[in-house]
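Hi,

Here is the structure I promised to pass on. Have a look at it first, then read my notes below.

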Amino acid sequence: MEFNFNIGKVATDEVLKINNTLTVEGHEENDDLKNIMRLIIDEMGKASAVSQEFKVPITSANRLVNSDHVIYMMTEHKKPGHFAVVGFLKMGWKKLFLYDKQASRSEARVYCLLDFYIHESKQRKGYGIRLIQCMLQDIGLEAKHLAIDKPTDKLLQFMWKHFQLSKLVNQENNFVIFEEFFHNSSIAEKKNNRDNTGNRAVAYKSQPMFGRHGAHKHHDSMAEIIQGEGNAAFVKFKYNQDTDFVDNQFKEKNPNPESKGAFKTNMDGYSVKRDLKFHHNSLW
């Protein structure tokens, strides 16, 4: 998105950092620049809302001023007197109640990705990853340490592609936390996520599901049976050590003894499928 402002002396770096006073880092005394940033932030916030199909923008100059958030803005200079804003990141610290895979709750102060937009004409050209890497380097964190506010599927795919982050842990709020958030692995371990043969580890060989379908879910033995991950006998012996108790409690019984032949069980107490063509009268 191009703007007719001559700020060549200010926008010398590819990425500008703007705080909640609309001040570009390193140019705190430039009041004219604050007015320019107000206009740019408002326009970029509107473009982001349209791109993500929001009813109203979640990023604006007024919202930034009334918060403790910061904006990382990527710029591009094409000709003297003109510059283009490629995209922006809105970030901020928030105190959140978080749940891990074991459903244990803890309170933590987390750096949150609140809005992320790259202009449509600049997408898939490496701008997005450069912008996020610049932010991570500035704050001294890894991507796995971020919480993302209401991410789109496109953003989740972006995080998988560039950071191999895909395992979501359900939270009670609108933020997405990756399973790796609770790990203490080093950056080197993440880069070398490979097995003993030098190949990529199994967990990273195929692209996972995204959105709520990819979030961690608690164990459900019935779901395993329905989804074909095991039969009833396997699940019973896997999760119940006292099999005699299980047999005594769950052997199928005929609720209508007068209707002989309606139910048939094998020696283990399980029902046997019967052909209703010859036993339809037993249903009544």
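This is a predicted model: local features need pLDDT of at least 70, side-chain atom pairs count only at pLDDT 80 or more; totals for chains, interfaces and linings use all residues.

Residues are numbered from 1 along each chain as its sequence is written, and side-chain values use heavy atoms, with hydrogens and water left out.

Start at strand E6, residues 146-149 (strands are DSSP runs of at least two E residues, helices of at least four H or I, numbered from the N terminus). Leu 146 and Ile 148 point one way, Ala 147 and Asp 149 the other, and all are buried (under 20% relative accessible area with a 1.4 Å probe, protein chains only).

E6 pairs with strand E5 (residues 105-118) in the parallel sense over three bridges; pairing takes at least two DSSP bridges. Here Cys 112 stands opposite Ala 147. With strand E8 (residues 175-178), E6 pairs in the antiparallel sense over two bridges, and Asp 149 stands opposite Phe 175.

Now the largest pocket, which is lined by 28 residues. (A pocket is an open set of points on a 1 Å grid over the protein atoms alone, where a 1.4 Å probe fits, with protein on both sides within 12 Å along at least five of seven lines; lining residues have an atom within 4 Å of a point.) E5, H3 and helix H4 (153-163) each give two or more residues to that lining. Phe 116, Gln 123, Lys 154, Leu 155 and Phe 158 lie nearest the pocket's centre.

Cheers

How values were computed: Buried means under 20% relative accessible area, exposed over 50%, partly exposed in between (1.4 Å probe, protein chains only).
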